[in-house]
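User: Hi! Could you walk me through this model with a few questions and answers?

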Amino acid sequence: MRKAFVTGASSGIGWSLALRLAGAGFEVAICARRRAHLEALARAIAEAGGRARVVVADVSRPAEIVEAIRAADDEMGGLDLVVANAGVGHERWSGKLRWEDVEPVVAVNVAGAAATLTAVLPRMVERRRGHLVGISSLAGLRGMPRSAAYSASKAFLSTFLEGLRVDLR
């Protein structure tokens, strides 16, 4: 495995994971909405002797992320690893929860994650190689206080990944 695509790479887990993958010899397509942050990460990877491609895309727009991942797959000669890391969460007491609070969580953590994980899945199956990773949370195991939407979105991701694993094993 030598080619990876990581969403949510502009900070946190995604940033650290991209650095580690590059350090292990992967060419990494780093993806997020914030170009300046991605360019800083690409410089850090290059300074450490690695290779990174900056991909600016919004995971909350499924068609956009699918197109970006498929383009990277084509340009890089086939991805070996796709990591659905991008995620958002908003704390709100359920008594004041509105659709406007839930919608961005579902857009990124559910629709965006599913789009990311399935973008090149048929290609990986055809090539008979590749790995899919989704960054979930212990919050997905049960409803957490002030985090109904986030907990539900991570439950979706964990269950979706389990279903993929069973089918693709």
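Predicted model: local features only at pLDDT ≥ 70, side-chain atom pairs only at ≥ 80, totals over all residues.

User: Which residues does Ser10 touch, not counting residues up to four places away in sequence?

Analyst: Residues are numbered from 1 along each chain as its sequence is written, and side-chain values use heavy atoms, leaving out hydrogens and water. Contact means heavy atoms within 4.5 Å. With neighbours up to four places away in sequence set aside, Ser10 touches Trp15, Ala32, Arg34, His37 and Leu38.

User: With which side chain does the side chain of Ser10 make a polar contact?

Analyst: A polar contact is a pair of N or O atoms within 3.5 Å; within protein, one must be able to donate a hydrogen and the other to accept it, and residues adjacent in sequence count only if both atoms are side-chain atoms. At 2.8 Å, the partner of the Ser10 side chain is that of Arg34.

User: Is Ser10 buried or exposed?

Analyst: Buried means under 20% relative accessible area, exposed over 50%, and partly exposed in between (1.4 Å probe, protein chains only). The relative accessible area of Ser10 is 8%, so Ser10 is buried.

User: Why is strand β2 largely enclosed by the rest of the structure?

Analyst: Strands (E, at least two residues) are DSSP runs, numbered from the N terminus. On one side of β2, Glu27, Ala29 and Cys31 are buried, and on the other Val28, Ile30 and Ala32 are too. Strand β2 is largely enclosed because the buried residues number 6 of the 6.

Methods: Helix = DSSP H or I, 4+ residues; strand = E, 2+ residues; numbered from the N terminus.
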